[in-house]
Amino acid sequence: MSHQSDLISADILGYLAQHENKEMLRFLTCGNVDDGKSTLIGRLLHDSKMIYEDQLAAIQKDSLKSGTTGDEVDLALLVDGLQAEREQGITIDVAYRYFSTAQRKFIIADTPGHEQYTRNMATGASTCDLAIILVDARYGVQTQTRRHSFIVSLLGIRHVVVAINKMDLMKFKESVFEQIKQDYSEFAQRLSITDIHFIPLSALKGDNVVNKSEHTPWYRGPSLMELLNTIEISADRNIADVRFPVQWVNRPNLDFRGYSGTLAAGIIKKSAVVMALPSRKASQVKSIVTFDGEQQEAFPGQAITVTLTDEIDISRGDMLVSPEHAPALDSRFNADVVWMAENPLVPGKQYYIKQATRTVTGSVSRIGYRIDVNTLEKSPASQLKLNEIGLCEFALSAPLAFDPYSQCKGTGSFIVIDRLSNVTVGAGMIVSLAERNEMLRPVSRADRIARFGQKPVNFWIQGEQAALVALQLERRLFDRGHACIAITEQASPDLTAQLNKAGLVCICVGGAQTPAESEFDRIIITDALDFDAIIQTIDPRVNFSEEQPDFDI
């Protein structure tokens, strides 16, 4: 039904061209566990005639073994393909599905409902234009409903469909629908979602999914499919500010030098004046080359190669912009961060920051606050743990060209990468420039502990082989990546105190001459080395005090 066309039999090339030019809508389904997200997607695909006969036969067979819908076909198995998902009846990873209608093409992201998979949900939502938030009609607005709504708002998704599912279990009562609509609307007032639609439906039975239901005569709105086909999303794109991150310098021969990439925002036209960042050199667009040949203009999302009239030093990571609407160019900004790693985000620790095609090193200089995604309350925080969200101030090693995320997603978003494992550990949405007066904050002991990943401890080594032991310990700590220094001559308390304040581990030979009132820990080693105990001692997560007994290793 949805993808049939008379052109298929009469003019297949015309049909393919028509299909290629359809508008694309990316949307996700989210909500609490067991609200019916996967079943809804399965119903959309089934009723839109987008399931092949062999797929349907396989699902019917699997329903007997892994289904949760009794004698009926469990359509959720179309997207819950992992063995663990079928065994537990839940969604764990993000599953993407594609289908089309006569009006549009669609990419669906089926995201997990469990709290522990919040990072997966945020990943699936990052590229979407619309969110379908499912609510179980039996339970109403739940904690995960609010959590996912907040993340959807944070990620700048402007269109939300609140699908009140399982209305068949509540006998399609209008009062149930209106109560949930009122509860969600009251919560949504605290979010930045501008376009909200409410639909009563039954994903299992198909009511109001593709076709209007006779069980809800009191509902006069469109079915879910009708809404997806007609909702206006073209105005969401930023076409005023040209943002073209350069991904590759295209140099096939001596007579051609082009700059390739995907246009993130704005409409770039032939003969238009553009400025390269960070150099701020201006030039004029000579040509816009695409797979289909030269074009007079290009639009957001298009992969293009731009040539300029002037020879400008431009490389990967640079950005071409409109001079009259230039982005900020700075090395400090504030951003909302969704943390996605088991190890917490620690201020001062160095990470890779990748924004568009540019990668620089940087760190979080401070965490402004952590957001409770269930209540939207803000609280002070010294770190962000897995799945937590907070406002952070970033300090980078080199300036980035960026916009607020609300203005341009392509230049307002970035990922945080661990420098050792090269794993993506966080996702950020830029809010604003950092305040200049924050640069005047003195570097604290906590800042240095976070940067070096160690406590500035003093080791005092005694014994006949003290000098040799000190050098051995220095080498082993240095090879492990610690900032340390061995002082084999007489060390003064003032010297060790200054080195400690700089964040270094001091390895001294002789008696413990550090004053008792020193703020730094003293550890006396009187025999052989226990390296594991020493590493534990300088671990910044362990608290030691001056009154702690000396090591006798």
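Figure 1. Thr 290 is placed in strand β12, which spans residues 281-290; helices (H or I, at least four residues) and strands (E, at least two) are DSSP runs, numbered from the N terminus. This is a predicted model, in which local features need pLDDT of at least 70 and side-chain atom pairs count only at pLDDT 80 or more, while totals for chains, interfaces and linings use all residues. Residues are numbered from 1 along each chain as its sequence is written, and side-chain values use heavy atoms, with hydrogens and water left out. Thr 290 has a relative accessible area of 15% and is therefore buried (under 20% relative accessible area; exposed is over 50% and partly exposed in between, with a 1.4 Å probe and protein chains only). A polar atom of the Thr 290 side chain lies 2.8 Å from the backbone oxygen of Gly 293. Such a polar contact is a pair of N or O atoms within 3.5 Å; within protein, one must be able to donate a hydrogen and the other to accept it, and residues adjacent in sequence count only if both atoms are side-chain atoms. Leaving out residues up to four places away in sequence, Thr 290 touches Gln 295, Ala 303 and Ile 304, where contact means heavy atoms within 4.5 Å.

Figure 2. Strand β3 covers residues 104-110, and because 7 of its 7 residues are buried, it is largely enclosed by the rest of the structure. In a regular strand the side chains alternate between the two faces of the sheet. In β3, Arg 104, Phe 106, Ile 108 and Asp 110 point one way, and Lys 105, Ile 107 and Ala 109 the other way. Strand β1 (residues 23-31) pairs with β3 in the parallel sense over 7 bridges; two strands pair if DSSP finds at least two bridges between them. Thr 29 has Asp 110 of β3 as its bridge partner. On pairing with strand β2 (residues 95-100), the sense is antiparallel, over 6 bridges. Ser 100 stands opposite Lys 105 of β3, and a hairpin of 3 residues joins β2 to β3.

**Figure 3. Salt bridge between Lys 166 and Asp 136.** The side chains of Lys 166 and Asp 136 form a salt bridge with an N to O distance of 3.4 Å; the criterion is a side-chain nitrogen of Lys or Arg within 4 Å of a carboxyl oxygen of Asp or Glu. The pair links distant parts of the chain, 30 residues apart: Lys 166 is in the loop between β5 (159-165) and α8 (174-188), and Asp 136 is in strand β4 (residues 130-136). Asp 136 counts as buried, at 2% relative accessibility. A search of the whole structure finds 11 salt bridges.

**Figure 4. Salt bridge between Glu 393 and Arg 332.** The closest N and O atoms of Glu 393 and Arg 332 are 2.4 Å apart in this salt bridge. Glu 393 belongs to strand β21 (residues 389-402) and Arg 332 to strand β17 (residues 328-339), so that distant parts of the chain, 61 residues apart, are linked. Glu 393 is buried, with a relative accessible area of 2%, and Arg 332 is also buried, at 12%.

**Figure 5. Salt bridge between Asp 418 and Lys 349.** Here the side chains meet at 3.7 Å, N to O, between Asp 418 and Lys 349. Asp 418 lies in the loop between β22 (413-417) and β23 (424-433) and Lys 349 in the loop between β17 and β18 (351-355), so the pair ties together parts that are 69 residues apart in sequence. Asp 418 is buried, with a relative accessible area of 13%, whereas Lys 349 is partly exposed, at 31%.

**Figure 6. Aromatic pair of Phe 177 and Tyr 219.** Among the 10 aromatic pairs of the structure, Phe 177 and Tyr 219 form one that is edge-to-face, with 6.3 Å centre to centre and 70 degrees between the planes. Rings of Phe, Tyr and Trp (its six-membered ring) pair if their centres lie within 6.5 Å; planes under 30 degrees apart count as stacked, over 60 as edge-to-face and the rest as tilted. Both Phe 177 and Tyr 219 are buried.

**Figure 7. Helix α11 at Ala 450.** Ala 450 lies in helix α11 (residues 445-452) and counts as buried at 15% relative accessibility. The C-alpha atoms of Ala 450 and Gln 350 are separated by 9.0 Å, although the two residues are 100 residues apart along the chain. Not counting residues up to four places away in sequence, Ala 450 touches Val 346, Pro 347, Gly 348 and Lys 349.
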